[in-house]
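Welcome, and please open your viewer. We will hop from one selection to the next and look at what is there.

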Amino acid sequence: MNITIREYQISDIPQMQEIWNEVVDAGIAFPQTEPLCHEAAIALFAEQDFAGVAVCQEADEIVGLYILHPNNIGRCGHIANTSYAVRPSVRGRQIGKQLVCHSIEKGRELGFRLLQFNAVVKTNYGAIHLYEKLGFQSLGTIPGGFYMKDGTYEDIILFYRTL
């Protein structure tokens with residue numbers, strides 16, 4: 001699959017909202033419990049330092065996205081945080097890897113020094129493998145830190161990478 005990653009445009013919001021809500025609805029990766037309505041999606045993506053979309057060239061369709069913003073404020077504002085979402089029908093085609101690599105470069109470009117993930121669910125094996133392969137270091141595990149959609153609690157792992 002040939003994809004291009006670019007900054008989102010307002011016309012991308014419906015597809016971005018759909019992809020984001022698919023991840024939220026699955027209840028196994030994002031902490032949000034409620035789907036984004038159109039107005040909330042506009043606000044969420046607009047408030048990011050960068051919001052990127054992965055566009056499939058053959059179908060002219062958005063197949064993934066990421067958001068990049070400071071993980072905290074003030075004296076910790078040099079640490080970035082991201083969230084990634086890939087359309088379920090195209091997972092396993094290296095789109096996530098391309099999104100992560102793009103976010104690393106974009107984070108550097110925007111002046112961030114580190115990229116930190118606050119809550120990678122321990123059962124998200126594909127993401128964990130990818131992050132480790134791309135040089136992210138585990139900071140430790142928070143037992144039962146994520147409330148799964150099925151009502152159970154799963155551990156979360158914190159990761160970081162120098163930019």
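Start by selecting Tyr84 and Tyr131: both are buried (under 20% relative accessible area, with a 1.4 Å probe and protein chains only). This is a predicted model, where local features need pLDDT of at least 70, side-chain atom pairs count only at pLDDT 80 or more, and totals for chains, interfaces and linings use all residues. Residues are numbered from 1 along each chain as its sequence is written, and side-chain values use heavy atoms, without hydrogens and water.

Now show the two rings. Tyr84 and Tyr131 make a tilted aromatic pair, 6.5 Å centre to centre with 45° between the planes. Rings of Phe, Tyr and Trp (its six-membered ring) pair if their centres lie within 6.5 Å; planes under 30 degrees apart are stacked, over 60 edge-to-face, and the rest tilted. Tyr84 sits in strand 4 and Tyr131 in helix 4, so this pair ties together parts 47 residues apart in sequence. Helices (H or I, at least four residues) and strands (E, at least two) are DSSP runs, numbered from the N terminus.

Finally, move to helix 1 (residues 13-26) and helix 2 (residues 38-46), whose axes come within 10 Å and cross at roughly 95°. These axes are lines fitted to C-alpha atoms over the stretch in contact, and angles run from 0 to 180 degrees between N-to-C directions. Select Ile13, Met16, Gln17 and Trp20 of helix 1 with His38, Ala41, Ile42, Leu44 and Phe45 of helix 2 to see the contact (heavy atoms within 4.5 Å).

Conventions:
Buried < 20%, exposed > 50% of the residue type's maximum accessible area, 1.4 Å probe, protein only.
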